[in-house]
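Good morning, everyone. Please take a look at the model on the screen, and keep it in view while I talk.

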Amino acid sequence: PDLTLFAALLPRLAIGPGNLEVQLRLSGTIGAPGLSGNATLQAEQVEVGSAGIQLKEVRLKGESQDGRSWRLSGATTSGGGKLAVEGSAELDPARGWPARLRVRGERFEAVNLRDYWALVSPDLTLTLDKERLTVEGELRVPEAQIRPRRGGGEVVTVSRDAVIVGGEAEQEKAALRAFYARVRLILGDKVEFSGFGLRSRIAGELSIEDAPDSVVKGNGELR
């Protein structure tokens with residue numbers, strides 16, 4: 001089938017011509033499901049309006065022989081750069097549908113907006129289990145342009161530790177997995193800042209760590 005259904009389900013994405021090939025076999029029970037076979041999605045292009053980028057030559061593939069363990073892979077390009085994903089996932093609801101993905105890329109255009117533009121070269125590992133989502137690895141930013149505009153006023157944000165008693169936010173927070181991150185951020189010599197009467201280049205490295213109920217920590221030097 002073509003990707004018309006995906007375009008309807010994902011209105012924030014403009015999905016170009018493509019196709020979906022599926023050969024699946026369902027087995028097992030609700031508590032111990034089994035799904036074997038393979039599925040491949042291909043699209044000539046996908047426009048991500050919120051980031052201002054256009055993904056080209058999008059390809060996602062999943063396959064399983066035993067109906068429990070799935071091998072996952074994918075690749076795309078953006079702004080002349082490349083991004084690839086590979087990993088695995090388990091159909092095990094008791095363990096929270098665990099998955100592990102490695103994301104690698106080279107000069108991939110991640111954002112292209114009026115205020116921000118950036119090429120990134122990631123080498124990140126995402127691990128998902130019943131209790132937590134963990135992101136680890138390295139993120140290089142060889143080129144970027146940061147051009148913030150003067151706003152009409154200050155924006156006050158709510159701390160992620162704040163709890164709205166009796167509100168939906170409390171229920172949503174309880175349903176989310178805990179997020180952990182340990183990422184080495186490396187800025188190249190073509191990262192530029194221009195705004196508020198200032199113009200400069202930013203380079204250096206930061207080791208960034210994040211965990212629930214803790215402030216984001218950064219250790220390193222930017223110059």
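Let's start with Y180. Leaving out neighbours within four places in sequence, Y180 is in contact with R132, L133, T134, V135, D210, A211 and P212. Contact here means heavy atoms within 4.5 Å.

Before I go on, a word on the source. This is a predicted model, where local features need pLDDT of at least 70, side-chain atom pairs count only at pLDDT 80 or more, and totals for chains, interfaces and linings use all residues. Residues are numbered from 1 along each chain as its sequence is written, and side-chain values use heavy atoms, with hydrogens and water left out.

Back to Y180. Where is Y180 found? In strand β11, residues 178–195. Strands are DSSP runs (E, at least two residues), numbered from the N terminus. Y180 counts as partly exposed because its relative accessibility is 27%. The cut-offs are these: buried is under 20% relative accessible area, exposed is over 50%, and partly exposed is in between, with a 1.4 Å probe and protein chains only.

Next, E47. E47 sits in strand β3, residues 33–48. At 35% relative accessibility, E47 is partly exposed. Not counting residues up to four places away, E47 touches R12, L13, A14, I53 and Q54. Take L13: it is 34 residues from E47 along the chain, yet their C-alpha atoms are separated by 5.7 Å. Now Q54: its side chain makes a polar contact with the side chain of E47, at 3.2 Å. A polar contact is a pair of N or O atoms within 3.5 Å; within protein, one must be able to donate a hydrogen and the other to accept it, and residues adjacent in sequence count only if both atoms are side-chain atoms.

Now the core. Which residues touch the most other members of the largest nonpolar core? L55 and V141, out of 18 residues. Elements giving two or more residues to this core are β3, β4 (53–64), β8 (108–112), β9 (116–128), β10 (132–146) and β11. A nonpolar core is a set of buried Ala, Val, Leu, Ile, Met, Phe, Trp, Tyr and Cys residues joined through side-chain atoms within 4.5 Å.

Last, two loops. R107 lies between β7 (99–106) and β8. Its phi is near 50°, positive in a residue other than glycine. D213 is in the loop between β13 (204–210) and β14 (217–222). D213 also is not a glycine, and its phi is positive, about 55°. At 68% relative accessibility, D213 is exposed.

Key. Helix = DSSP H or I, 4+ residues; strand = E, 2+ residues; numbered from the N terminus.
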